[in-house]
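Dear colleague,

I am handing over the structure we spoke about, and below it you will find notes on how its chains touch one another. Please read them with the model open beside you.

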Amino acid sequence: MMFRKKMLVSLFAALAVLTVANITQAAQPAGFDDNEIRIGQWGPQTGPAAPWGSVARGSKLLFDIVNEEGGIHGRKIKYFIRDDMYNPAQTVAVVKELVERQGIFAFVGGVGSAPGMAVKDYLAANKIIWVSPSAADKEFTQPLNPYLFAVYPLYKDEASILAKYIVEKLKTKKIGILYQNDAYGKDGLEGAKERLATYKMSLVAEIPVEPTEKDFASQILRLKNSGAEAVLMYVSPTAAVITLKTAASVGFKPQWVSANTLSDYPLMFKITGGLWEGVITGAFGETPDSKSPLMVKYRDAAKRLTPQERWGTFYYAGILFADPIVEALKKVGRNLSTEALLKALNSIKDYQTIGPRITWTPKQHQGTDSVMIQKCGPGASYIMLQDWTTNDLATWKK
Amino acid sequence: MPFGQLLVEGLAIGACYGLFATAVVIIYKTSEVVNFAQGEMAMFSSFVAFHILAVYQYPFWLAFVIAMLFSILLGVLIEFLFLRPAKHPSLLGMIVITLGAEMFLMGLASWKWGAEQKFFSLPLDPSVTYEPVKGMIVTNWAIAVFAVASTIMLLLYVFFKYTRLGVAMRATQQNKHAAKIMGIRTERVFSIAWGFSSLIGAVAGMFFASRATLDPAFMMEPFLRAFAAAVLGGLMSIPGVIIGGGLMGLIENFFGYYWPSWKPIVAFIVIILVLCLRPSGLFAKHYVKKV
Amino acid sequence: MDYFKVEDLCISFGGLKAVNNVAFNVEKNSIFSIIGPNGSGKTTIFNMISGIYKPDLGRIVFAGENLVGLTPDRIARRGVARTFQNIELFSNATVMDNLLLGRHIHMKTGVFTGAFLWGRGSRAAREEIRNREIVEGIIDFLDLQSVRNHFVASLPYGKRKLVEVGRALAVEPKILLLDEPSAGMNTEEKQDLNIWIKDIQAECDVTILLIEHDMNMIMGISDRIFAINHGEKIMEGLPQEVQSHPEVIKAYLGEER
């Protein structure tokens with residue numbers, strides 16, 4: 001089943017890329033006029049990845065706020081959400097539909113590495129700006145894609161920062177890692193190893209798991225026998241649940257530290273039956289209960305405009321992914337064009353809302369290397385451990 | 001190497017594979033259909049138990065009983081609605097039909113309960129463990145798996161050996177024509193086989209769900225393993241698939257301890273080897289059907 | 001009223017008329033034989049009677065009821081049992097198990113009553129005893145004592161044929177269809193079979209429909225004979241009449257061996 005799925009997905013992705021390559025620069029309606037700017041986003045609203053679909057709805061909240069405040073230089077934002085079910089072939093279809101039928105000026109967000117990869121070249125070929133893919137894939141920005149701007153901190157940077165925290169703040173010498181055997185997990189592994197090398201230390205256990213595996217007994221016993229006192233997790237939510245349940249049953253209680261992908265504490269707390277308490281994670285947004293003025297403003301707006309939505313990390317990630325494009329559109333002024341917006345985005349420097357500080361230059365479109373470090377407290381509460389931290393080892397900055 | 005612990009964990013997960021493989025084999029034995037909807041039938045029944053627990057707040061045993069009854073009904077219905085209407089289907093046709101049923105159930109569950117993972121737990125206190133030998137921790141979960149799997153095996157043995165219906169099922173499997181001529185209602189036999197299989201699958205599904213999470217796709221991987229265990233055991237013999245499941249769990253755990261990145265495929269490599277040497281599995285009785 | 005009869009029976013397979021307008025009457029407790037060359041439609045008639053094929057046209061009437069359209073298991077429940085030309089046994093089971101399966105329709109006990117009503121006097125126990133008695137009787141009668149616990153797959157062809165006859169008898173049928181029971185048997189076995197069929201007719205209160213190639217056997221035991229070729233009736237009559245009918249000699253006896 002897992003092989004079948006994988007094959008299907010890559011087949012669809014390949015097909016999608018092929019079809020897209022043939023029809024570059026299709027005739028398309030303009031993405032804006034005197035009254036509105038059309039912005040689009042894809043994201044899984046149904047299917048197995050649907051929990052991440054709230055990103056697209058979070059962005060909508062920001063655009064609603066902007067429109068309520070009168071729009072940008074006389075133009076309202078018209079926002080389109082399309083469900084791609086996390087299926088790259090669907091992503092291609094919905095993106096083409098938006099670009100060629102509706103006329104889209106720019107895309108924001110867009111959940112998933114594979115869906116993003118399937119439309120990346122199509123968007124660039126059609127000179128459509130894409131800000132803040134909701135996935136940390138270095139191929140989005142390396143090599144430089146002039147139309148694509150990334151906010152999401154890279155997993156490698158995050159792992160490096162987390163490893164430093166474990167060594168220096170937790171004073172733990174024995175660190176193991178459990179990583180998903182794909183680009184996500186391997187980036188985490190690489191970042192952790194790079195950091196530990198600076199202390200002349202190495203990981204006591206490096207254990208891979210396949211994304212769909214359901215039995216981790218032998219892996220957990222390996223970690224337990226390695227004597228690891230802290231374990232980094234670069235895995236999926238389901239894998240994290242299996243890990244914690246299995247570890248609890250064999251009496252293995254290290255300090256668990258995980259990537260920001262698992263920073264939705266209420267969800268993780270619920271599906272682990274409370275075992276998530278005490279887990280430390282990276283985070284690319286402020287805590288949900290943060291008292292910063294902007295967080296308060298967004299939270300109140302959410303309560304008012306979308307009371308049905310849970311105020312979770314993925315939901316307000318949608319806001320912080322969309323903030324920079326609103327900022328750039330404001331800077332451009334009334335005289336809008338793709339070139340003008342590119343220029344404005346390329347000159348964004350030390351811009352921060354409720355996420356990390358972002359800087360884009362004409363040569364570098366990876367906006368940040370910063371994460372926060374938080375911990376899950378009793379009742380899935382958020383405990384702040386360390387404010388925005390950059391990765392001094394980040395190689396892409398040099 | 002934590003030998004004892006790997007043994008316990010390997011056998012426990014192996015018993016789960018074996019139990020689920022039994023569900024696959026019951027259908028295969030009677031109707032020679034590999035039911036690709038097996039995992040999703042178990043998933044759906046587990047969701048029903050979850051729903052009763054979460055929404056109606058019934059005690060676990062009641063939710064369990066209702067979910068079990070539901071699972072029987074589900075199995076009978078799928079056979080009746082999806083397979084029976086197909087007139088003289090080919091083997092490929094049957095497989096396509098069960099794949100269709102699989103997608104239908106997965107879609108229905110996603111629509112009803114959403115794709116977000118759910119917490120599902122058996123009423124087994126995870127903090128109580130036993131350590132019969134130093135370094136070998138046995139959890140309530142493992143004990144429950146062993147107890148339930150052996151009880152079901154014993155009941156199945158008695159059923160197939162001594163009851164009229166069980167004998168009729170075995171007869172249908174061996175020769176459908178002759179069974180009909182003996183007055184056996186073969187269509188009813190198929191219904192019952194699907195009901196039984198769905199029930200056993202649902203029990204196994206709940207064990208899997210309580211170890212991981214409950215979501216519409218959670219049975220895909222265990223189905224694959226259980227199917228492999230069934231092939232290893234010869235697809236025809238119930239004791240064979242139980243041993244196949246156990247072997248699968250042990251190989252994975254011992255091998256996976258030393259070479260974690262090979263864990264997901266080692267069992268499949270073993271199966272390919274076994275099939276090369278003994279094409280009908282480890283425990284299949286060799287008999288060639290007359291053509 | 002007629003005991004067992006078929007009327008205007010027709011069936012075709014892909015345009016080929018396998019059986020065309022066949023009709024006959026069978027008297028109670030008689031032996032009625034059907035003869036004809038290979039491929040003349042004899043087994044097809046049996047398959048229609050036992051419900052495996054559904055005729056395109058016509059009726060099969062047994063004890064006043066039309067059997068056409070009933071499923072094979074329903075027809076079996078009305079007392080029609082049969083053997084097959086190519087043997088359809090449960091080959092992975094013992095001789096005893098095969099015969100006991102013949103008792104299926106006489107077992108009333110379900111899983112639950114069987115599981116909860118134990119003890120010698122219970123219905124389940126009485127039923128079980130009666131079933132075993134009948135099966136033991138058949139084993140004695142067909143001289144299967146020496147192979148009773150052997151797996152069917154391990155038996156020689158002739159014995160398997162006999163087991164199939166035994167299993168059909170275990171059903172306690174009112175109509176027994178025997179499809180070439182002597183095929184593959186040696187002379188001695190054939191002689192035994194001859195005697196057994198007569199005994200069955202005499203003792204078991206059963207009407208037998210027989211398909212056979214062995215003319216000596218046919219002539220010896222049949223009450224009436226129906227000759228068929230290319231799916232159509234040639235003639236029907238007493239053994240002597242059939243034997244001397246020129247068309248039968250031409251179509252069947254003439255070209256045979």
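In this predicted model, 35 residues of chain A are in contact with 37 residues of chain B, where two residues count as in contact if their C-beta atoms, placed from the backbone, lie within 7 Å. The side of chain A that touches chain B draws two or more residues from each of strand 7 (205-209), helix 7 (217-225), helix 8 (237-249) and helix 9 (265-271) of chain A, and helix 8 gives the most, with 7 residues; helices (H or I, at least four residues) and strands (E, at least two) are DSSP runs, numbered from the N terminus. By class, that side of chain A has 17 nonpolar, 11 polar and 7 charged residues, with Ala, Val, Leu, Ile, Met, Phe, Trp, Tyr, Cys and Pro taken as nonpolar, Asp, Glu, Lys and Arg as charged, and the others, Gly among them, as polar.

Turning to the other interface, 19 residues of chain B are in contact with 23 residues of chain C. Helix 6 (164-174) and helix 7 (176-181) of chain B each supply at least two residues of the side that touches chain C, and the largest share, 6 residues, comes from helix 6 of chain B. The residues on this side of chain B divide into 9 nonpolar, 6 polar and 4 charged.

Of the 2 pairs of chains in contact, chains A and B share the most contacts, whereas no contact joins chain A and chain C, whose closest C-alpha atoms lie 34 Å apart.

Residues are numbered from 1 along each chain as its sequence is written, and chains are lettered from A and ligands numbered from 1 in the order in which they are written. Because the model is predicted, local features need pLDDT of at least 70 and side-chain atom pairs count only at pLDDT 80 or more, while totals for chains, interfaces and linings use all residues.

With best wishes
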